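Here are my notes for you, written as numbered points. Keep the viewer open while you read and find each piece as it comes up.

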Amino acid sequence: MRTRSISVAFLTLAIGVALMSAAPAQTADKFRIAGIIPLSGAWGIIGENMRRGATIAIEERGGQVLGKPVEVIWEDTETSTQVAVQKATRALSQGVHTVFGEVSSGSTLAIMKLTDQRKVPQIVTLSADDRITGADNSRYTFRTSNTVSMENAMIGEFAKRRAVKKVYGIIADYQVGRDMWAALRADLASKGIDVAGEEFAPIGSKDYSIMLDKAVKSGADGLALIVVGGDVVTSLKQGGEINLPQKMTVVGTMLMDETLGQAVGPAGALGVNSTLRYHFTEDTPRNKKFVAAYQAKYKEPPSQYAGEAYDGLSWWLDTVESTQSWDKEKWVDAFRNSVRQDSVEGVKRMRACDNQAEQIGLFGTAEAGGGEGLAVVMKVAETFPAQTLFKPCT
Amino acid sequence: MSTIIIGLSIAMLLFLLSAGLTLIFGMLGIINFAHGALYMLGAYLAYQLSASTGSFWVALCVAPLLLAVTGALIERSMLRPIYDRPHEFQLLATFGLILVLEEFVRIMWGLQLRSIAPPPSLSGSVNFFDTDISKYRLFVVLFGAAMVGLLFFGIERTSLGLILRASSNNAIMAEMLGVKVSAVRTGIFALGAALAGIGGAVAGPMLPIQLQMGSTIILDCFIVVIIGGLGNIRGAVAGALLIGMTRAYGQQYAAEWIDIATYTVLVATLLLRPQGLFGVRLRTA
């Protein structure tokens, strides 16, 4: 008898939950976004830049979406995947409408599992691991920025256009770095560029001088430097001591920008070639408006991280607005098939097959700064059309 | 030959930091977890001084003095009340100091990476046995060697050094002989902090100046101090040379094995000579 009562209670509860799930989306009093990014630790500066870009995206629409104020809950992941998962779990339990972040691919992949379970859209504007929109893709996760494959394709093509014959690789010893190098090696081989040698450096290495010396003595005319965080500054600073950029064509992914140029100094930065996620000199109406707003607020031009964050989040919020609905499924469907005609980098097309934005790729070379108090500025040396960087959806 | 010089430059930087750490432990009995944070503060102060004055040399001279004053204040206000307490209090206090210093640096200088340019006279490289070696690295080797000599001379050959050693060996006896032991302790901590400041200033042109720089190097410092023997300057030199050369030759032949090689040296030392290469084994009975 008692067992029967318990069973009836559970059945009633299950019916109630099913009815609630089927109910139409309720209008909320605020549009809540969880900003899950590092604001401290090794990548705190990146997260801070992303926050700035996202803030401009919200402010330019009067801080409103669907007629309600936007509330952003910024959660500091402290450059730790474990903390990122904890913070994301808490934010999702607070009923956010969108998750924005993270920086590291490992953290993004971990958070994706949570947002997928909770059916909450997640906008990724930095993490590059191919799995995010590849093997591990989720209906609810969208990436508006570059993939590792894109970055590799640009590096390989740039090396070919600069007539590089042999490349030496110095790679950060972690999974994404090794995967990236393996893919780049294959791409270089397909372009007839030999690999003269490779070194896998522990992340946080304080000395790259011997590895750089080996690279110079290897006979290679190109150096692929795939390192992360402070190691970028360490390796390039120490490379500058021996005039490395004058001896070899140095290329890498997100290896150089104005911020890194300040930290590395001209000796190590000038002449370095790098993929650029975004650059403030892009000549589009939206970019000019964004750069003006950013400079007025923060007194400096926006970095790559800020530009990508602004672009991705503003695209998403415009799409949400266009649905005139609080139904997240409608937002997801609308975004999957959307085209951003006026992104900061021209046209971006969201691919419904993998939720990855198809877009141009930028490649820049560091030059001496001419103003704005910048010692080093990036000049966009190559712009790769989207069709050369993406395989068609199958 | 170039590997040796690079190994020496790594060793000298490690020594500059480890010397302060081992001095504080040897003479005060305190494991200063905040030593890395003091090194970080030294680097940021050196950055600010070099940016404000345009001179690396001013930064190299003044930053350690500022760190010495900071160290003295820390010793008097935070450590002096807890000398007689169990070690856990000192560990917690110095750990808390890390958080305070990091937050102070974050508020003052933000999250941006900073950089110190080497002075023009030390910019560029020289060709040494068919390898380009940066002039700044050669300076680090020579400067580090000079600091080794100064510390040895100061501690072993001067009356001030005699007072330091007497105070650490038997504080009560030294007090009875008229030595103001509390002032000596303040001086030792200030000296240790100043050495951390020198390390930060010297590292500035070679490494990125960032919030986490202290926590990444403190592990190497502890390895050096443990290998050399706690409280032993000779040991700090030997440990720094061992680790510096391990890292340099590791880079030369097997970069991905550097950390494994370093920790293997540490484990081997602990197994074969747990008191450290120059440490003295204490009898427990």
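**Notes on the model**

1. Let's start in chain A, where strand β7 (residues 166-172) and strand β9 (residues 222-226) run parallel and are joined by five bridges. Within that pair, A:Ile170 has A:Leu225 in β9(A) as its bridge partner. Two strands are said to pair if DSSP finds at least two bridges between them. The names come from DSSP runs numbered from the N terminus: helices are H or I with at least four residues, and strands are E with at least two.

2. Some housekeeping: this is a predicted model, so local features need pLDDT of at least 70 and side-chain atom pairs count only at pLDDT 80 or more, while totals for chains, interfaces and linings use all residues. Residues are numbered from 1 along each chain as its sequence is written, and chains are lettered from A and ligands numbered from 1 in the order in which they are written.

3. Now zoom out from that pair. β7 and β9 belong to an open sheet of seven strands in chain A, in the order β8-β7-β9-β10-β11-β15-β16, with mixed pairing. The edge strands are β8 (194-201) and β16 (376-384), each of which pairs on one side only. From one strand to the next, the twist averages 25°. A handy rule when you look at any sheet: in a regular strand the side chains alternate between the two faces.

4. How is chain A divided? It has domain 1 (31-146 + 283-358) and domain 2 (149-276 + 362-389), with bounds that come from an automatic or database domain assignment. Their C-alpha centres lie 27 Å apart. The contact between them takes 11 residues from domain 1 and 13 residues from domain 2, where contact asks for C-beta atoms, placed from the backbone, within 7 Å. On the domain 1 side, the residues are four nonpolar, four polar and three charged. For those classes, Ala, Val, Leu, Ile, Met, Phe, Trp, Tyr, Cys and Pro count as nonpolar, Asp, Glu, Lys and Arg as charged, and the others, Gly among them, as polar.

5. Still in chain A, look at helix α3 (residues 81-93) and helix α4 (residues 105-118), which pack at about 25° with their axes 9 Å apart. Axes here are lines fitted to C-alpha atoms, for helices over the stretch in contact, and angles run from 0 to 180 degrees between N-to-C directions. The two helices are therefore roughly parallel; the cut-offs are under 35 degrees for roughly parallel, over 145 for roughly antiparallel, 65 to 115 for roughly perpendicular, and oblique for the rest. Among the residues in this contact are A:Ala84 and A:Ala88 of α3(A) and A:Ala110 and A:Leu114 of α4(A).

6. The peptide bond from A:Gly101 to A:Glu102 is cis, with omega near 5°, and A:Glu102 sits in the loop between β4 (98-100) and α4. A:Met254 is not a glycine, yet has a positive phi of about 50°; look for A:Met254 in the loop between β10 (249-252) and α10 (258-264).

7. On to chain B and its helices. The axes of α1(B) and helix α9 (residues 213-228) come within 9 Å and cross at roughly 65°, which makes α1(B) roughly perpendicular to α9(B). By class, their contact has seven nonpolar, three polar and one charged residues. α9(B) also packs with α11(B), at about 30° and with the axes 9 Å apart, so that pair is roughly parallel. There, B:Ile223, B:Ile226 and B:Ile227 in α9(B) meet B:Thr262, B:Val265, B:Leu266 and B:Thr269 in α11(B).

8. B:Ser125 is the bridge partner of B:Ser134 in β2(B). Two residues lie between the strands, and B:Phe129 takes a positive phi near 50°.

9. Finally, where do the chains meet? The contact takes 30 residues from chain B and 29 residues from chain A. On the chain B side, α1 (2-28), β2, α10 (233-253) and α11 (258-272) each supply at least two residues. That side divides into 12 nonpolar, 13 polar and five charged residues.

Technical notes: Contact = placed C-beta atoms within 7 Å.
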